[in-house]
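Dear colleague,

I am handing over the structure that we spoke about, and I would be grateful if you could look through it with the notes below at hand.

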Amino acid sequence: MAKELLHVLAVDDSNTDRKVIERLLKVSAFKVTVVDSGSRALQYLGLEDDNNTAQDLKVNLIMTDYSMPGMTGFELLKKIKNSINFEGGYLCLKEGAEDYLLKPVKLADVTRLKDSILKTVNMEIGQIQSQKRKRNDDILPVSSPQQPTQKLARL
């Protein structure tokens with residue numbers, strides 16, 4: 001089975017910057033979707049016109065330029081945050097970003113970001129598996145493999 005690529009939505013009004021980001025991400029084994037504006041990003045995510053009905057897209061990362069005409073990257077993050085549950089820190093981080101890259105983007109930045117995303121995805125998978133095990137433990141009685149249960153001993 002082929003390993004599923006992490007999917008990045010890259011948003012930048014500069015055609016040159018979009019191409020550079022797309023190439024760097026693809027070289028680093030990401031699946032990449034590029035759009036040229038915040039409104040196109042919202043359309044892709046199914047969030048335009050304050051519809052708030054996000055499509056079930058598997059997007060692991062949204063990279064956005066901060067300074068774009070029409071809608072800044074900050075405004076885009078704010079609209080996404082209002083539509084989907086995100087967490088963050090200060091300014092853009094406060095609006096849902098977990099990290100940021102400065103232009104010009106370098107391969108080392110992309111590699112660091114990929115490692116961070118993979119770590120987060122693996123932690124989420126571990127949490128889901130732990131919750132499933134706990135639910136199964138709550139449902140199924142646990143018995144020691146060396147000793148039969150009381151009911152089996154009486155039969």
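What follows is an account of what was found, going from the overall layout to individual residues.

Please keep in mind throughout that this is a predicted model. The chain averages a pLDDT of 76, and 68% of the residues score at least 70. Confidence is highest in strand S2, at 94, and lowest in helix H5 (residues 150-154), where the mean is 44. Over residues 147-155 the pLDDT is below 50, and this stretch has 1 contact in the model beyond near neighbours in sequence, a region that I leave aside in the rest of this message.

As to the layout, the secondary structure of the chain comes to 5 helices and 3 strands, and from the N terminus on the elements run β-α-β-α-β-α-α-α. Of the 155 residues, 26% count as buried. Among contacts between residues at least 6 apart in sequence, 58% join residues at least 24 apart.

Phenylalanine 30 comes back in the largest nonpolar core, which has 14 residues and in which Leu25, Phe30 and Met63 touch the most other members. The elements that give two or more residues to this core are strand S1 (6-11), helix H1 (15-27), strand S2 (30-35), S3 and helix H4 (107-139). Residues up to four places away in sequence not being counted, leucine 25 touches Val8, Phe30, Val32, Met63 and Val110. There is also a second, separate core of 11 residues, which includes Leu9, Ala41, Leu47 and Leu76.

The position that carries an annotation is aspartate 65, which UniProt lists, in an unreviewed entry, for "modified residue: 4-aspartylphosphate". Aspartate 65 is placed in the loop between strand S3 (61-64) and helix H3 (73-83). Is this residue buried or exposed? Its relative accessible area is 13%, and because anything under 20% counts as buried, aspartate 65 is buried. Leaving aside neighbours within four places in sequence, aspartate 65 is in contact with Val11, Asp12, Asp13, Thr72, Gly73 and Lys103.

One of these contacts, aspartate 12, deserves a description of its own. Aspartate 12 lies in the loop between S1 and H1, and it is buried, with a relative accessible area of 2%. Not counting residues up to four places away in sequence, aspartate 12 touches Asp17, Arg18, Ile21, Val35, Asp36, Asp65, Met68 and Lys103.

Turning to charged pairs, the count comes to 2 salt bridges. In one of them, lysine 26 pairs with glutamate 22, the closest N and O atoms being 3.2 Å apart; both residues lie in helix H1, 4 residues apart, about one turn of the helix. Lysine 26 is partly exposed, with a relative accessible area of 48%, and glutamate 22 is likewise partly exposed, at 22%. In the other, arginine 40 pairs with aspartate 36, with the closest N and O atoms 3.1 Å apart. Arginine 40 counts as partly exposed at 44% relative accessibility, as does aspartate 36 at 30%.

A last point concerns the backbone at alanine 29, which has a positive phi of about 65° although it is not a glycine. Alanine 29 is placed in the loop between H1 and S2, and with a relative accessible area of 34% it is partly exposed.

With kind regards

Key: Residues are numbered from 1 along each chain as its sequence is written. This is a predicted model: local features need pLDDT of at least 70, side-chain atom pairs count only at pLDDT 80 or more; totals for chains, interfaces and linings use all residues. Side-chain values use heavy atoms; hydrogens and water are left out. UniProt positions are given in the numbering used here, feature names are shortened, and annotations may be inferred rather than shown by experiment. Buried means under 20% relative accessible area, exposed over 50%, partly exposed in between (1.4 Å probe, protein chains only). Contact means heavy atoms within 4.5 Å. A nonpolar core is a set of buried Ala, Val, Leu, Ile, Met, Phe, Trp, Tyr and Cys residues joined through side-chain atoms within 4.5 Å. pLDDT is the predictor's confidence in each residue, from 0 to 100. A salt bridge is a side-chain nitrogen of Lys or Arg within 4 Å of a carboxyl oxygen of Asp or Glu.
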